[in-house]
Amino acid sequence: MSVMDEQVELLEAYLDGALTAEDARRVEGLIASDEEWGRMLAELREARAARAAVFSQMEPSVLDARRVADRAIAATQAGRGWGRLAAWMRISGAVAACLMVSFFAGWAIRGKQPKLGGAASVARVSNETSPHVDGAYQVTLTDHMGRVIGVQRFGSLEQAKEFAGDLRAWQERQQRMRQGAAVLVADEF
């Protein structure tokens with residue numbers, strides 16, 4: 001900051017009453033002893049008076065403020081009956097929009113989900129052994145994409161084949177039911 005800026009800031013603080021008593025006495029001494037300080041103080045006072053005059057002209061009178069307030073109150077009271085109807089219509093529109101989005105989303109994804117447990121699932125019997133289970137037979141269940149979705153271990157090959165056969169029979173019944181074919185329940189007993 002230049003010396004001039006520091007002088008202006010000090011004089012502004014003096015006019016605001018923001019200086020300590022000691023600093024205010026020092027500034028008053030500078031004003032009394034130095035002509036330039038006195039001239040700067042007079043200019044600052046004139047500028048402040050001009051700003052105050054301009055701002056006071058910009059402020060509305062109490063009468064103007066009352067008129068604006070009365071108009072605002074009258075406008076809100078006149079639209080009260082329509083306000084409730086408009087709120088009800090906004091809520092109804094939002095609910096209708098949510099229902100439409102849900103309906104169309106369901107319509108768009110229908111039939112695109114993979115069928116779990118359908119004819120595309122495969123049961124494979126293998127005798128892969130692991131170090132902790134010697135001679136175990138596994139039935140590996142895969143989805144229509146070939147991903148393993150389950151593994152069941154059996155102690156004998158006959159048990160594994162029986163499980164795989166039962167699973168295939170169940171999958172065939174499910175497929176027939178999806179296609180609308182009649183399934184006899186009595187022949188399962």
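This short talk describes the fold, the surface and the aromatic rings of one protein.

The structure is a predicted model, in which local features need pLDDT of at least 70 and side-chain atom pairs count only at pLDDT 80 or more, while totals for chains, interfaces and linings use all residues. Residues are numbered from 1 along each chain as its sequence is written, and side-chain values use heavy atoms, with hydrogens and water left out.

Let me begin with the fold. The protein has six helices and three strands, where helices (H or I, at least four residues) and strands (E, at least two) are DSSP runs, numbered from the N terminus. Read from the N terminus, the order of elements is α-α-α-α-α-β-β-β-α.

Of the 189 residues, 16% are buried; buried means under 20% relative accessible area, exposed means over 50%, and partly exposed lies in between, with a 1.4 Å probe and protein chains only. Carbon and sulfur atoms hold 59% of an accessible surface of about 14,800 Å², computed by the Shrake-Rupley method with a 1.4 Å probe.

Finally, the aromatic rings. How many aromatic pairs does the structure hold? There are three, counting rings of Phe, Tyr and Trp (its six-membered ring) whose centres lie within 6.5 Å; planes under 30 degrees apart are stacked, over 60 edge-to-face, and the rest tilted. The ring centres of Phe-154 and Phe-163 lie 5.3 Å apart with planes at 45°, so this pair is tilted. Phe-154 is buried, at 15% relative accessible area, whereas Phe-163 is partly exposed, at 29%. One aromatic cluster is formed by Phe-103, Phe-104 and Trp-107.
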